[in-house]
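Hello,

Here is the structure I promised to pass on to you.

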Amino acid sequence: MLAALALDQTKRHLFKYILFFSITITSALGLTKTLTGSHAESDNLTLYGFSFYTVSIAYLLHSERLNAKSVAVVSNPILLITGPIATSFRSIRHHSLRKRFKYFFPYILVGLFLHQVIATPLTKTFHLIALTDLISTCVFAVIFELFVYANFCGLSLLVYGVCGLIGIAVPLNFRQPFSSTNIVEYWRAWHTSLSMVLKSLFYNPTKRFLGTNAAILLVYLASAMWHGITANFILWGFFQATIFILTLVFLRKAAFLVPFVLMVVGVVIGRGLFADSDFSRLLEKLSFHYDGLVILTKLAPLTNTSKGALLLGTLFIMAEMVCQKAKYFNRRNYKFYRIPIIQLILLIITLAIVSDSSGVDYAVYGQR
């Protein structure tokens, strides 16, 4: 921060990109882990929260809001655990604690439910990543998408609720992404704070000079390098950019079914690429060879808790998809799950599952 304040405007412009890609540099040097979503916690405490901290400072530099107050906010350990990136923040302490509790505490319960009831038990399925046949690859990709969503969204909702209780309004980092009808909507609702940073630092400047398609490609490659510099992430970046551009083409032609199919393909295949940093194994998966339903024999031994988590996670996502226009879903702020009777049900289920202690409890985005 001190270095940034000492620089002139031109050098600050360059420095913000150095900050953004500093996590890429530390990953290349082996100081931080590649962010595939699997449990790969670093023992280097000096770099705790480094990815969120540096990208936050980069965004503050870009938006010309770098000062002691803003740095204090983005340095909050709660935000460094798993985000969101504090692209916007304001004090809401003028609202009474009772009013803040009534609005924000339900988010904490939803977050705990997602993280503890769905995400943590699903870590028992991580061994399925070793299967390389077509059906197993797709099934694991779907399960891993459920896991990452429940883990990351759950913790983001928890952080959103806790920050609200203490009087700080931070971005709602997820907005029911599976209520989307195409990949454009999906990415607008997934990790919204990172989307804002990527749009501001990469998309808007590039579009002015090179056009939309080049800007989209640069955004996804930048996002890929922020997550890791392994071959699977570079492939993921090109793949997601292609899906995004094709979606725009079909949306202009009003062919709305095709963008939905592209979203499903983009999410499932994209998560498969995202999850596996073993490139030789990934190439074998991309041969799309059929080997029957071997996945069923691997799912059968799972504990009832893990099977229940899989069922509840599927129902959670299906509700977003099917009820996207319903009263309690159309604002895309998890309102349905904040209804008192639903809160009571979620609380009972969460208390019952937490006592089981099944799976590995960690933050997908809190490992560097």
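This is a predicted model: local features need pLDDT of at least 70, side-chain atom pairs count only at pLDDT 80 or more; totals for chains, interfaces and linings use all residues.

The largest nonpolar core has 104 residues. Those touching the most other members are Phe 20, Leu 114, Phe 147, Tyr 149, Ile 183 and Tyr 337. Helix α8, residues 134-165, supplies the largest share of this core, with 15 residues.

Beyond its neighbours within four places in sequence, Tyr 149 is in contact with Gly 154, Phe 174, Gln 176, Pro 177, Phe 178, Trp 190, Phe 316, Ile 317, Glu 320 and Tyr 334.

α8 packs against helix α16 (residues 304-322) at an angle of about 80°, and their axes are 10 Å apart. Angles of 65 to 115 degrees count as roughly perpendicular, so that is how α8 and α16 are described. On the α8 side the contact is made by Ile 143, Leu 146 and Tyr 149; on the α16 side, by Leu 310, Gly 313, Thr 314, Phe 316, Ile 317 and Glu 320. By type, the residues of this contact are six nonpolar, two polar and one charged.

Finally, have a look at Gln 240, which sits in helix α12 (residues 231-252). Is Gln 240 buried or exposed? Its relative accessibility is 2%, so Gln 240 counts as buried. Leaving out neighbours within four places in sequence, Gln 240 is in contact with Ile 183, Trp 187, Tyr 220, Gly 266 and Gly 270.

Best wishes

How values were computed: Residues are numbered from 1 along each chain as its sequence is written. Side-chain values use heavy atoms; hydrogens and water are left out. A nonpolar core is a set of buried Ala, Val, Leu, Ile, Met, Phe, Trp, Tyr and Cys residues joined through side-chain atoms within 4.5 Å. Buried means under 20% relative accessible area, exposed over 50%, partly exposed in between (1.4 Å probe, protein chains only). Helices (H or I, at least four residues) and strands (E, at least two) are DSSP runs, numbered from the N terminus. Contact means heavy atoms within 4.5 Å. Axes are lines fitted to C-alpha atoms, for helices over the stretch in contact, and angles run from 0 to 180 degrees between N-to-C directions. Angles under 35 degrees count as roughly parallel, over 145 as roughly antiparallel, 65 to 115 as roughly perpendicular and the rest as oblique. Ala, Val, Leu, Ile, Met, Phe, Trp, Tyr, Cys and Pro count as nonpolar, Asp, Glu, Lys and Arg as charged, and the others, Gly among them, as polar.
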